Structures are given as structure tokens and as C-alpha cells.
Amino acid sequence: ECDGAGNDAALQAWLANNAGASASDNCGSVNWANDFNALNYDCGAAGSVEVTFMASDECGNVSLTSATFTIEDTTAPTIDVAAADATVECDGSGNDAELQAWLANNGGAEASDICGGVTWSNDFASLTDDCGATGSATVTFTATDDCGNATSTTATFTIEDSIAPSMDLVASN
């Protein structure tokens, strides 16, 4: 599993252990070498590399074996701060600026992933049609990492009308 730091300790241990291979020679000792150069990254800090291990004897005879070292990212991003509900007073025009700002800010949610970046999306479709120009929408914000793992948080945006009409002219007797 991706550790966010290249899994260097695990890789070095795997290389030093010749990927678990062993060799022996009847006429002397065996020397090991490998052709490791670099990991091939698939997504984020996850990737793999095929390495050929060479066992050679003192007379120059060589035996080869290959194995693959793979770093996987199967862990979804962590929601560090959950999305928060927002309630705004009706402006008579749909409160579009406030709604768009809330959506663009992922409802205030924050996420992180140790193996790569995070991309946000949401499922906002429309506001409900309540009284006047009020309404609400429950929105799921989804944080997806570079390898396609995802986690979500949900919050509601509400437009309310809590102000009584203003009396422009008072009744006259």
C-alpha cells in the first residue's frame, strides 16, 4: 500500500533480499546484482517496476530471475473537515452567488490523500421549490484521489425567508 513517501524502505528491503530468490553454486560463491532503475508511476505515488535479478558465479556463469515490485493505492482520501450546512436569507434573485461560492468551496469540506492529489466533484442538480424564492439542496461532495479512490461528505444549502414583508404605505382611515 502506498505510504506517500515512495515506499523506499520496503523497496530497498525487497531489492536487498533479491525479491526472495536464492541461488547456490557447487564451485564457489554467488554474487547478486539487479537492473533496478526507477519505478513507473501509474497514479499518484503508486506504480510498479519489473526487476531482473542476476546470480553469477566466480567463473562468470549467470542465472536470471525476474519479479515485479508494486505499490498500490487502494485507500480513499481522508475527509479532514466535513462539509457544513449553509443557510442564507432570501435575496429574491435565487442567491446564486452564495450558492455557487458554497459549491466551489465544497461546502467548506477539506480532504487529503497521502498518495497523491485530491479532486472534488458534487452532485448538485437544483434547489427545491419552496415558498417564494426559497428552497434547499442536499449535496454530496466527493473527494477522489489520483488513483480513483473516493470518499464523500454531505451537507445542505438552504435559502430561507424569515423577514416579514415591509409596509410601503400604511392603511389610511
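Modeller: Let us begin with a term: a residue is called buried when its relative accessible area is under 20%, exposed when that area is over 50%, and partly exposed in between. Please keep in mind that this is a predicted model. Here, Cys 27 has a relative accessible area of 70%, so Cys 27 is exposed.

Biologist: How many disulfides does the rule give, and what pattern do they follow along the chain?

Modeller: The count is two disulfides, and when the bonded cysteines are counted along the chain, the pattern is 1-3, 2-4. One of them joins Cys 2 to Cys 115, with an S to S distance of 2.0 Å, and this link is right-handed, with 95° about the S-S bond. Cys 2 lies in the segment before α1 and Cys 115 in the loop between β7 and β8, so the pair ties together parts that are 113 residues apart in sequence.

Biologist: Are Cys 2 and Cys 115 buried or exposed?

Modeller: Cys 2 counts as buried because its relative accessibility is 6%, and Cys 115 is buried too, with a relative accessible area of 2%.

Biologist: What can be said of the link between Cys 43 and Cys 147?

Modeller: The sulfur atoms of Cys 43 and Cys 147 are 1.9 Å apart and form a disulfide, which is right-handed, with 100° about the S-S bond. Cys 43 lies in strand β2 and Cys 147 in the loop between β9 and β10, so this pair ties together parts that are 104 residues apart in sequence. At 24% relative accessibility, Cys 147 counts as partly exposed.

Biologist: Which residue is the bridge partner of Cys 43 in β3?

Modeller: That partner is Ala 46. Strands β2 and β3 run antiparallel and are joined by three bridges, and they form a hairpin with two residues between them, where Gly 44 in the turn has a positive phi of about 50°.

Note on methods:
Residues are numbered from 1 along each chain as its sequence is written. This is a predicted model: local features need pLDDT of at least 70, side-chain atom pairs count only at pLDDT 80 or more; totals for chains, interfaces and linings use all residues. Side-chain values use heavy atoms; hydrogens and water are left out. A disulfide is a pair of cysteine sulfur atoms within 2.5 Å. Helices (H or I, at least four residues) and strands (E, at least two) are DSSP runs, numbered from the N terminus. Buried means under 20% relative accessible area, exposed over 50%, partly exposed in between (1.4 Å probe, protein chains only). Two strands pair if DSSP finds at least two bridges between them.
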